[in-house]
Amino acid sequence: MLLSLRHSCDEISEKEEQQRNAKRRRTAPTRLNATKNSERCLPNLKPAEWDCIEAYCTSLEPAKIATMLFQREQLTVGDCYAAWLRCEEATKKLPSTLARNLVISMVSRRRESLKTEAFAPGIFMDPRYKGLLDPHDKATAMVFLEALWMRLNHHHQHQAGQVEDAALLDDPGVMDVEEDGEDALERLLRESDTPAAALEQAKNISALLQDYWKWKRLDKDASVLEFWETKKSAHPELYALATVALSVPMTQVSVERTFSHLRQILSILRYNLSPSVINDIILVKCNAAFDAHNSE
C-alpha cells in the first residue's frame, strides 16, 4: 500500500515538473512588445492607417530592445544605464512625433533617476560609465559612498566588538580585570578615539575615491563584476563599496524570477521544508550564473 502511494506521488511530482518545464519553454513577451506585435496583425485597415501603425512600431523598436535587455540576469546599474542611453540615442534618430515625445520623457526620467541615492553611486562605481556623470552627480555619488563606507566600517567594528565581548565572557580571568576597572577604562579610551578615527577614515576613503576617478575607462563590453573581483586584494575598500553599490536591483524582473523559483521549489510534496532551507535553495538557483561560470 505504501509503495503504491509513493509511486502515485512520484507520478504527480513528475507531471508537475513536466508542466513547469512546458511553461518555461513558452516565450511570454512583455506588455509593450505584445502591443507592438499585435499592431501588425490588424486587418481591414487603409494604407494611410497602416503607415501610421508602421511609424508607431518603428518608434517603439528601440524600447522593445531595451525591455529585453532589462530582463537579463545580474543586471547592474551600469548595464541598465547603458541600455537606457542606447534606447534614448536610437529613438532620437527617428522622425516621428511619438519618438520625440519618448525622448523627452526618457531624458526627464534619466535625470530624475540620477538624483536617487542608489543610481548615481552605482554609475560611479562602474568604471565603464563613470565618465558620463556630470560634476554635480559625481559629487552626490561621492558623498553617498563616503557615508556608506562609514556605515560599513561601523557595522564591522560592531561585529568585532560582539565577538570580543563574547570571548571575554568565556574567559574566567577577565572578572578580576573588570573588578579593578581597567577593562572599563580601556573601553572608555577607545570610545574617545572614535571621532578622530572616523574623521581620518573619511579623509582616506575620499582620497581613494578621487584616485579611482582617474582610473582608465574599462571597455564597455567587459564585466564590471569580474573587474572588481580582480581588485579585491589590491583595493579592498573600493571593492567593498562596489559590491554594495552594484548590487541594487534595477528592475523587478529579478524579484519576479525569485517568486517563480519559489513556486518550483515549494511543491505539495515539499511543504515540510524549513524557511532556512528554502532560502538556501533559492539563493543557489538565483545565482546559477556564478556556478556555471566557475565550472567553466
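Student: Why is Cys87 called buried?

Tutor: Cys87 has a relative accessible area of 6%. Buried means under 20% relative accessible area, exposed means over 50%, and partly exposed lies in between, with a 1.4 Å probe and protein chains only. Cys87 therefore counts as buried. The model is predicted: local features need pLDDT of at least 70, side-chain atom pairs count only at pLDDT 80 or more, and totals for chains, interfaces and linings use all residues. Residues are numbered from 1 along each chain as its sequence is written, and side-chain values use heavy atoms, with hydrogens and water left out.

Student: What makes Cys80 buried?

Tutor: Cys80 has 9% relative accessibility and so counts as buried.

Student: How many disulfides are counted?

Tutor: The count is zero disulfides, where a disulfide is a pair of cysteine sulfur atoms within 2.5 Å.

Student: Why is H12 called oblique to H13?

Tutor: Helix H12 (residues 253-265) and helix H13 (residues 275-286) pack at an angle of about 125°, and their axes are 10 Å apart. Angles under 35 degrees count as roughly parallel, over 145 as roughly antiparallel, 65 to 115 as roughly perpendicular, and the rest as oblique. H12 is therefore oblique to H13. Helices here are DSSP runs of H or I with at least four residues, numbered from the N terminus. Axes are lines fitted to C-alpha atoms over the stretch in contact, and angles run from 0 to 180 degrees between N-to-C directions.

Student: Which residues make that contact?

Tutor: Thr258, His261, Leu262, Gln264 and Ile265 of H12 meet Ile278, Ile281, Ile282, Lys285 and Cys286 of H13, contact being heavy atoms within 4.5 Å.

Student: What makes H3 roughly parallel to H5?

Tutor: The axes of helix H3 (residues 47-69) and helix H5 (residues 97-114) cross at roughly 25° and come within 8 Å. That angle makes H3 roughly parallel to H5. On the H3 side are Tyr56, Ser59 and Leu60, which meet Leu98, Ala99 and Leu102 in H5.

Student: How do you know whether Phe124 is buried or exposed?

Tutor: Phe124 has a relative accessible area of 0% and is therefore buried. Phe124 belongs to helix H6 (residues 119-124). Not counting residues up to four places away in sequence, Phe124 touches Lys130, Leu133, Lys138, Ala141, Met142, Leu145, Leu209, Tyr212 and Trp213.

Student: How many residues apart in sequence are Phe124 and Leu246?

Tutor: Phe124 and Leu246 are 122 residues apart in sequence, and 9.7 Å apart in space, C-alpha to C-alpha.

Notes
Helices (H or I, at least four residues) and strands (E, at least two) are DSSP runs, numbered from the N terminus.
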